[in-house]
Every structure is written in structure tokens, then in C-alpha cells.
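Let's take a walk through this structure together, beginning with the ligand and ending with a helix. Keep the viewer open as you read.

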Amino acid sequence: MVNFDDTKTAFATKTDSQLKKAYWLFKLVANQKLVSFGKWSSALAMKIGLPIKGMVKATVYDQFVGGETIKDCRDTIEELHSYGVYSILDYSVEGAKTEDAFDDTMEKTLQTIKYGGARAGVPFAVFKMTGVARFGLLQKVSDGKELTEAEKKEFARAKDRIETICKEAGEQHISILIDAEESWIQQAIDDIALEMMRKLNKEECIVYNTAQMYRWDRLEYIKHLHEIAEKENFYCGLKLVRGAYMEKERERAYEMGYKSPIQPDKESTDRDYDLAINYILENHKYLYLVAGSHNEESTRMLTNLMFAHGLEKGSKQVWFSQLYGMSDNLSFVLAKEGYNVVKYLPFGPIEKTLPYLIRRAEENTSASGQTTRELNLIEKEMKRRGID
Ligand SMILES: Cc1cc2nc3c(=O)[nH]c(=O)nc-3n(C[C@H](O)[C@H](O)[C@H](O)COP(=O)(O)OP(=O)(O)OC[C@H]3O[C@@H](n4cnc5c(N)ncnc54)[C@H](O)[C@@H]3O)c2cc1C
């Protein structure tokens, strides 16, 4: 039985003062009102040019981001690797809208792939399709609407960027994760991801798409993908997550009067997440898994199922994944036990990583329960070390 309460292992990389800082930060973000105010005021301050970068950097940025550039992340990558924890360099700049910005994201992603290809410690890369393609365009394609001639060209350019990224990953023999986003652009993402898997996953599992199990239709999606993979004989990489856009999804469905794509309650999401894990392991001849979760029960269940399905702890078909700055008790304990663990390590300029940071802060408000988990563990470790 894996012991996720082993805080000595979980916080081995943290000095006493870093631990105290993390404690103070999680206490702050536990306050929902403060986070809402922070979200509103930081966006405004950035817009009107108030000098709040220093404050953001000293707080949420340092906790959740590796640095402004790939080079800044190097020490963190090496330190994590020395504990058996791998990294995924995540260029966390969101909201790109121009062709130049899309090209820039592609270039940055290619750099992360090349960096990973040349070193141990970085076996995956990741990107969001909205980083390389216009949101509205992906929505129009998802809706099955006819594109104008200009849009057809724009879409071809976007697909070129995606294919360039995926092919480079194939050449460097590292896997590429495609993040899942809002349901109303996801069809286009799923279709392109499938196209890339068909092209690149014949010999090894290079391309992984993401399934958000807070959607009630994703179990069927996974089964359908499996059927195609088996019939056409290619590997299907799946990153499983619960999903990060729940409020936004529900609000939009309510406002526009369509059936919400989100499960009725948390239990249903948990049930489908666990069923999906089981389905993937049962069909591991074709399906590869990255389990992106901070949920202790699902994580433990996966370790048990691997054993039940005869998969070795270090099987390259199963990766556990957490975000940098969160759930170190899972990451470091699993790695110590010999499981494959990889952490998303975001990087990017402070002001451009704000949407990512705000999501992390929101996820950690008291409502979600994540903060209680983090705080309890930090408190336990502070007590063990005799610091207050
Ligand atoms: C490595 C990694 C990669 C990720 N990549 C993506 C990605 O590509 N796309 C993406 O959308 N998210 C992504 N996420 C975020 C993820 O979707 C979750 O928001 C986050 O990890 C919390 O879920 P959990 O499994 O860790 O834990 P838990 O705390 O057990 O679950 C919280 C989640 O449960 C769901 N939930 C909560 N309440 C309800 C309710 N009332 N009804 C239905 N469902 C509910 C929500 O999805 C919520 O985020 C990623 C997370 C990780 C760790």
C-alpha cells in the first residue's frame, strides 16, 4: 500500500523557509473572496500598467511556475529528476490571438520538444490547440460550419503548426500531450488529435489526446477511439483528467439553453474517471495512459489496478501526472516507489501566465478541498521538522 502521508519524502526538496512560504500561500488562496479580488485586481493592474509583477512573482508565480524561460527551469528539472520525478515543460501563455503569436507558441513548443529530446528528465511535451489556432476558428470547425476561403487557409496554417509540433516529437522520440479545452471547441481538437495519432502512433505512442471525465460523454469517446485504434492498428495515447472549466461550461449551457455537457455531480465525475482508468488498463494493448490528477483515491486505485492487470510499476504505458507546486505527496512518493511520474512545469513571462495562475488559485480555494489537503500535509511536515 503506497503511503501518501509520507511528508518527509513529499517535501524533501523544500527548505524550511520554502515550506513556510508554501504554507502561507495556501492559507491565502484558501480565502475565496481574496482570490476573487486578486483575479479582478491583478487583471486590472496589468491592464493599466501598475507594477504588481514583483508581488505576483513572490507569491503564486514562484509556487506554480518554473521560470520565464526554459533555461530558468533547468535547475528545477534537474532537482526533480534526481528524485525520479520527470518534467513536462508547459509554455503557459494563454489567449494568443494573432498569427505571429501562434507561430511564437509553436516555436516555444518546438524548443521544449528539442530540449526534452536532448536530455533525460523531460519525456513529454504539451500544448494547447488554442495556443496555435484561433478559438473562434476551432469553434466554427467544431460546429461543422462552412469556412470561408480565408478561413480555410487559416485552418490549414493552424493544422500545419500542429503537425510540425507532433512530427518533431516523433523525431525526438518524446510524447506530445494535447490539452483538452472548452467543450464547444473540443470536437475540432479531437478530430485533429486523431489524425495525428493515425500518422504518428504506429510504432510508438507519440500523440496523446486528453479526455475530461467531468463530461458525461467521454467514456463513450474513449471506447470509440479504442475501436478505431484496434481496427487501424495504432496506439492511442490518453491523458485522463477530471476537467478544469466546469463553471464556465455550466454557465454557457444554462445561458444558451442546451443540455450541460457536465456530469450532474462530483460522484459521477469520479465514477467515470475510475471507470476510464480501468477500461484503459484492461485494453492496454492499444491504449496508453497519463493520469493527470491530484486525487489520492484515484491515484491509489491506479496503482492497484496496474498490479491487477500485470503491469509493472515502471511500465512506460502508465504515467502519473501532477502540476508543479501541487500534490508533491503523490508525485514524490510514487516516484520513490518506482512508478513513472511526470509533473507539468509551466514557464512564461509573469504577466502572460496570469490566466494559468488564476486557475490554480481558484482550484485551491477552500471550496475545492485541494487546499485543505495541501495545508494538512505541510502542517504535518512542519510539525515533523519542529518548525512553526
Ligand atoms: C497533469 C495535469 C494535466 C491537466 N490537464 C488538463 C487539461 O488538459 N484540460 C483540463 O480541462 N484540465 C486539465 N487538468 C486539470 C484537471 O482537469 C482538474 O481540474 C484538476 O486536476 C482537479 O481534479 P483532480 O482529479 O486533481 O481532483 P479532485 O479534487 O478529485 O476533483 C476536482 C474536479 O472534479 C470535478 N468536479 C468537482 N465538482 C464537481 C461537480 N459538482 N460535478 C461534476 N464534476 C465536479 C471538476 O473537474 C474538478 O476540477 C490537468 C490536471 C493535471 C494534474
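Which polar backbone atom is 3.5 Å from a nitrogen atom of the ligand? In this predicted model, that atom belongs to Asp265. A polar side-chain atom of Arg250 sits 3.1 Å from a ligand nitrogen atom, while Gly243 places a backbone N or O atom 2.6 Å from a ligand oxygen atom. As for how well the ligand is covered, it would expose 940 Å² if taken alone, and the protein buries 88% of that.

Now widen the view to the residues around the ligand. There are 27 of them, and those that come nearest are Arg242, Gly243, Thr269, His294 and Asn295. Sorted by class, the shell has 11 polar, 8 nonpolar and 8 charged residues. Several elements supply at least two shell residues each: strand 4 (207-212), strand 5 (236-241), helix 11 (246-256), helix 12 (266-282) and strand 7 (318-323). Of these, strand 7 gives the most, with 3 residues.

Next, turn to helix 2, residues 16-29. Which residues of helix 2 are buried? They are Leu19, Ala22, Tyr23, Leu25, Phe26 and Val29. Looking down the axis of helix 2, you will find its buried residues within an arc of 165 degrees, so they line one face of the helix.

Note on methods. Residues numbered from 1 in each chain as written. Predicted model: local features only at pLDDT ≥ 70, side-chain atom pairs only at ≥ 80, totals over all residues. Heavy atoms only, no water. Near = heavy atom within 4 Å. Polar contact = N/O pair within 3.5 Å; in protein donor to acceptor, adjacent residues only side chain to side chain. Areas by Shrake-Rupley, 256 points an atom, 1.4 Å probe, with all protein chains shown as cover. Helix = DSSP H or I, 4+ residues; strand = E, 2+ residues; numbered from the N terminus. Nonpolar A, V, L, I, M, F, W, Y, C, P; charged D, E, K, R; others polar. Expected span 1.5 Å × (residues − 1). Buried < 20%, exposed > 50% of the residue type's maximum accessible area, 1.4 Å probe, protein only. Arc of directions from axis to C-beta.
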